[in-house]
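The following note sets out some points on the model under review. Please read it alongside the sequence and the structure.

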Amino acid sequence: MFKFVLVATLLACVVAAPVDDDVHAEVKELKSDVRADGFDFTLDTSNNIHEQASGDAHGNIHGDFEWVSPEGVHVKVAYVADEQGYHPSSDLLPTPPPVPVAILKALEFINAHPQKEEAKH
């Protein structure tokens, strides 16, 4: 799972960074510590790409990656990958619209008035 997350995040960083900087980018720092109880990983490049991740023996991973977009926007995504899935968070990720008031009221009514189970014959 770590390899998939690592490759996906590095690919996202490389694709998002400006092309002219990528051609001449150099790795400024690369640290990888793999242990029986987990790992720690850090990558920094000369074109402002940064990634760090840590994982445990159970396959749980948390980390972040960031870069500067061609428009000059600092993009940062933090994530957790665990038994519940991949959970990214960023101010730049789209979010769902708020649940309409009528739907919230309907859900409250349903919770307050549960259906009775029918007797099985």
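Through how many residues does a hairpin join β5 to β6?

1. The hairpin joins β5 to β6 through two residues. Strand β5 covers residues 74–82 and strand β6 residues 85–89; the two run antiparallel and are joined by five bridges. Asp82 stands opposite Gly85 in β6. Two strands are taken to pair if DSSP finds at least two bridges between them.

2. On the basis of the coordinates: this is a predicted model, in which local features need pLDDT of at least 70 and side-chain atom pairs count only at pLDDT 80 or more, while totals for chains, interfaces and linings use all residues. Residues are numbered from 1 along each chain as its sequence is written, and side-chain values use heavy atoms, with hydrogens and water left out.

3. On the overall layout: the protein chain holds three helices and six strands. Read from the N terminus, the order of elements is α-α-β-β-β-β-β-β-α. Helices (H or I, at least four residues) and strands (E, at least two) are DSSP runs, numbered from the N terminus.

4. On the aromatic residues: rings of Phe, Tyr and Trp (for Trp, the six-membered ring) pair if their centres lie within 6.5 Å; planes under 30 degrees apart count as stacked, over 60 as edge-to-face and the rest as tilted. By this rule there are three aromatic pairs. Phe65 and Trp67 form a stacked pair, because their ring centres are 6.0 Å apart and their planes lie at 5 degrees. Phe65 and Tyr79 form a tilted pair, with 6.1 Å from centre to centre and 45 degrees between the planes. Since Phe65 lies in strand β4 (residues 61–68) and Tyr79 in strand β5, this pair ties together parts that are 14 residues apart in sequence. One aromatic cluster is formed by Phe65, Trp67, Tyr79 and Tyr86.

5. On burial: a residue is buried under 20% relative accessible area, exposed over 50% and partly exposed in between (1.4 Å probe, protein chains only). Phe65 counts as buried at 6% relative accessibility, and Tyr79 is buried with a relative accessible area of 3%. Trp67 is buried as well. Of the 121 residues in the protein chain, 26% are buried.

6. Among contacts (heavy atoms within 4.5 Å) with a separation of 6 or more in the protein chain, 24% are between residues 24 or more positions apart.
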